[in-house]
Number of protein chains: 2
Amino acid sequence: MKIGELARVTGANIETIRYYERIGLLPEPHRTAANYRRYGEAHRSRLAFVRHSRDLGFTIEEIRSLLDLSDHPERDCGEADRIATSHLEQVEEKIAQLELLRDELARIIGRCRGGLAGDCRVIEALGDHKYCEGTHA
Amino acid sequence: MKIGELARVTGANIETIRYYERIGLLPEPHRTAANYRRYGEAHRSRLAFVRHSRDLGFTIEEIRSLLDLSDHPERDCGEADRIATSHLEQVEEKIAQLELLRDELARIIGRCRGGLAGDCRVIEALGDHKYCEGTHA
DNA sequence: CCTTGACCCTGTAGTTGCTACAGGGTGCAT
DNA sequence: ATGCACCCTGTAGCAACTACAGGGTCAAGG
């Protein structure tokens, strides 16, 4: 299939596919006489792996390692587990941070009674960290 | 005070301060004879406002609007409330997304029993969306 | 007086993960 | 032959910084 079809079936953007090829995440496909990229099932499934991993928030470098493992089934799977676990920890940390943020924002907004910007508690609170309760970022 | 001291008291990076000036978020300060930037209390508190807002996740453009309001105390404060509320909604959405992600990651990792990459459930699950339960991103 | 080191300056390029052109070629139907 | 959808390369842009390179300034110590 051509790049447009691959884009359609994987949900990836054409530019993104070419970008992945450029950075070495996808192998260079065969070319037709007219220099068009021609993809097969192996490309499709590799791209699906990449997109799925990106959707789960893995970085390109993490995906590179995961693909490398996937290409070497005889290796130990511990590395994949380590990458995923460390990623999970980062996600959990991010959630905790955002929850602090959410509470802080809700508190700041709750103080606003409308009126003039000069008396606005939102603006006041943004200007002065001392109004904060939580220890956000 | 000079830029190094301003950086110290606000916790901002020197390069970041110059960057904020370049994009018009901070006013151009006076210069000494040697062309050094010289800051006063007004600069310090404006930078604190910016850093605090950034820590709370507001974008530069949102901060630009908030600063504009802060500079015009006679205006209506509804805009500040609107920006903050919309931001809070985004934070809540992001938390919800990350929670789905977290559950999905935990589920994938839980299936790993160690062993060889060829049999690894983590890698298998990344390669095939059909193993997913949630409707993550 | 001279040097050392800490600080400051400008301007530009790098980061991440794409996305968006500009300017051109190909393939098929009308 | 002409229109249109598709493909190609190469480069520049996004957010919000961060990191130099290559220079100037200033106070203290020898």
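Begin by selecting Asn35(A), which lies in the loop between β1 (30-31) and β2 of chain A; helices (H or I, at least four residues) and strands (E, at least two) are DSSP runs, numbered from the N terminus. Asn35(A) is not a glycine, yet its phi is positive, at about 75°. Most residues other than glycine have a negative phi. Now select Asn35(B), in the loop between β1 (30-31) and β2 (37-38) of chain B. Asn35(B), likewise not a glycine, has a positive phi of about 75°.

This is a predicted model, in which local features need pLDDT of at least 70 and side-chain atom pairs count only at pLDDT 80 or more, while totals for chains, interfaces and linings use all residues. Residues are numbered from 1 along each chain as its sequence is written, chains are lettered from A and ligands numbered from 1 in the order in which they are written, and side-chain values use heavy atoms, with hydrogens and water left out.

Next, colour chain A by pLDDT, the predictor's confidence in each residue, from 0 to 100. The average for chain A is 90, and 96% of the residues score at least 70. Among the elements of chain A, strand β2 (residues 37-38) has the highest mean pLDDT (97) and helix α6 (residues 121-127) the lowest (88).

A salt bridge here is a side-chain nitrogen of Lys or Arg within 4 Å of a carboxyl oxygen of Asp or Glu. Glu21(A) belongs to helix α2 (residues 14-22) and Arg37(A) to strand β2, so that the pair links parts of chain A that are 16 residues apart. Over all chains, the whole structure contains 22 salt bridges.

Then show both chains and select their interface. Here 53 residues of chain A are in contact (heavy atoms within 4.5 Å) with 53 residues of chain B. The two chains bury about 4,200 Å² between them, 76% of it on carbon and sulfur atoms; buried area is the accessible area (1.4 Å probe) that two parts lose on being put together, summed over both. Highlight His52(A), Leu56(A) and Leu126(A): in chain A, these lose the most area to chain B, together 16% of what that side buries.

To see which elements of chain A take part, select α3 (41-55), α4 (60-71), α5 (78-110) and α6, each of which supplies at least two residues of the side that touches chain B. Helix α5(A) gives the most to that side, with 19 residues.
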